[in-house]
Amino acid sequence: MTASRERPIFIESLALGDGALRVAVKDTIDIAGLRTRAGSAVFDQDPPAARHARVVERVLSGDCTIVGKTHLHELAFGVTGINARMGTPPNPKFPDRVPGGSSSGSAAAVAAGLVDFALGTDTGGSVRIPAACCGVFGIKPTHGRVSRVGVAPPLSSLDCVGVFAGDAPMLARAMAIIDPGFVPDRGPCAASIGWVQVDADPQIQRAIAIAIEHSGFAHAPIALPLLSQAFDAGLVIINQENWQAFGTLVGHPRMGEDVRARLRAAGDTTPAAVAGAEDVRARFSAAVDAALAQVDALVLPTMPDFPLTLEQGADARAAIGITSLVRPFNLSGHPAITVPLSTPQGLPAGLQLVGRKGDDARLCRIAECLAQRAPNVIVT
């Protein structure tokens, strides 16, 4: 159940449950009897989890078998998925590119066809970025919608348990399994979308334009002028919350140096910076709500550029900019889906759909309708 000894997808191979759907689980999510290592050797001597995370209980009560726990960027605190100590999962479709982080192994497992869906977590794009890098679908639900009981870190105002899948129907099916309040939307394929104006590679913008043109959706340009400020504010909040969760470990000899450097920098976050970020959070969330009062969903690229090469991804802190278009919606709490698109360059692009809070099922339906009609959608 590994791609290679050096670059595995699974940190643990399992056969838990007896359902038809094969599922992988990111190793920040507790499975009883196994250590939750969060991609870090720091936790190698910790006791096994005493009970399943609530979302794992939901999976096992569905028609599912958990086949493995997946690798990730150490402490889920990085966007490339590169993990020198614990193993970097390969990107199955684009092997010279990073798998994306932090939920790299979960995205890779879906892209490789090893599972029907996989669980990840998304604090600043950590489902949507690896989904875009590996050419699969991924959803970050409305914040607080899916239980985080048994998920590390235990407290987060940004993090969500999300899902990877090879197509949009499976994305909705998985959401219905992990969220008892999710009822799949089978309404008509009609929607209005606002195309958010951002700076991104012209070829990525062209791929999105093709998908929109074939969607049949009413569409118009729309502005989110606070987007850049929300990105910066999201970084402040994640730094503060990760320092609170992991700061006592910063001197541990088994921590990777890239994550140690980022964690140390997070320790410099000031109360004034946090207060400013919270002000931006309130204003940006209101602005997104106002935009979504005009349309059913917002559309923008998942990443502003193509996935980094493995060599480029070695500079973990410099890579943070690839989350500039996803991190703001962790701050605001809105649900967001990335739809994988092909490009003439042979590299993937992600089309990001953002919906109203609590309207996750409708957003999944919009993604499904778009994927049915657009000629450049990648389906695993």
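Ala 38 sits in the loop between β2 (21–26) and α1. Helices here are DSSP runs of H or I with at least four residues, strands are runs of E with at least two, and both are numbered from the N terminus. Ala 38 has a positive phi of about 50°, although it is not a glycine. Ala 38 is also buried, with a relative accessible area of 4%. Buried means under 20% relative accessible area, exposed means over 50%, and partly exposed lies in between (1.4 Å probe, protein chains only).

The model is predicted: local features need pLDDT of at least 70, side-chain atom pairs count only at pLDDT 80 or more, and totals for chains, interfaces and linings use all residues. Residues are numbered from 1 along each chain as its sequence is written, and side-chain values use heavy atoms, with hydrogens and water left out.

How confident is the predictor? The protein chain averages a pLDDT of 96, and 98% of the residues score at least 70. pLDDT is the predictor's confidence in each residue, from 0 to 100. Over residues 1–6 the pLDDT is below 50. Beyond near neighbours in sequence, that stretch has 10 contacts in the model. A contact means heavy atoms within 4.5 Å. Where pLDDT is low, the predicted coordinates should not be read in detail.

Move on to Leu 75. Leu 75 lies in the loop between β3 and α2. Its phi is positive, about 60°, although Leu 75 is not a glycine. Leu 75 is buried, with a relative accessible area of 3%.

Ser 102 also belongs to the loop between β3 (64–70) and α2 (104–111). A cis peptide bond joins Gly 101 and Ser 102, with omega about 5°. Then comes Ser 104, in helix α2. Ser 104 is buried, with a relative accessible area of 0%. What does Ser 104 touch, not counting residues up to four places away in sequence? The list is His 71, Leu 72, His 73, Gly 81, Pro 89, Pro 99 and Pro 130.

Another cis bond runs from Ala 152 to Pro 153, with omega near -10°. Pro 153 lies in the loop between β5 (137–140) and β6 (160–165).

Now the helices. Helix α1 (residues 54–61) packs against helix α4 (residues 168–178) at an angle of about 110°, with their axes 8 Å apart. Axes are lines fitted to C-alpha atoms, for helices over the stretch in contact, and angles run from 0 to 180 degrees between N-to-C directions. That makes α1 roughly perpendicular to α4. Under 35 degrees counts as roughly parallel, over 145 as roughly antiparallel, 65 to 115 as roughly perpendicular and the rest as oblique. From α1, Val 55, Arg 58 and Val 59 make the contact; from α4, Ala 176, Ile 177 and Ile 178 do. These residues divide into 5 nonpolar, no polar and 1 charged. Ala, Val, Leu, Ile, Met, Phe, Trp, Tyr, Cys and Pro count as nonpolar, Asp, Glu, Lys and Arg as charged, and the others, Gly among them, as polar.

Phe 182 lies in the loop between α4 and β7 (192–196). Is Phe 182 buried or exposed? Phe 182 is buried, with a relative accessible area of 5%. Leaving out residues up to four places away in sequence, Phe 182 touches Arg 145, Ala 172, Met 175, Ala 176, Asp 360, Ala 361 and Cys 364. Phe 182 and Ala 172 are 10 residues apart in sequence and 8.6 Å apart in space, C-alpha to C-alpha.

Helix α6 (residues 227–246) meets helix α7 (residues 257–266) at about 105°, with their axes 8 Å apart. The two are therefore roughly perpendicular to each other. On α6 the contact involves Leu 235, Ile 238, Asn 239, Asn 242, Trp 243 and Phe 246; on α7, Arg 262, Leu 263, Arg 264 and Ala 266. They divide into 6 nonpolar, 2 polar and 2 charged.

Arg 317 is in the loop between β9 (297–301) and α9. Arg 317 is partly exposed, with a relative accessible area of 47%. Apart from neighbours within four places in sequence, Arg 317 contacts Ala 261 and Ala 265.

Last, the aromatic rings. The structure holds 1 aromatic pair. Phe 284 and Phe 329 form this pair, which is tilted: 5.8 Å centre to centre, 50° between the planes. Rings of Phe, Tyr and Trp (its six-membered ring) pair if their centres lie within 6.5 Å; planes under 30 degrees apart count as stacked, over 60 as edge-to-face and the rest as tilted. Phe 284 lies in helix α8 (residues 271–292) and Phe 329 in helix α9 (residues 327–332), so the pair ties together parts that are 45 residues apart in sequence. Both Phe 284 and Phe 329 are buried.
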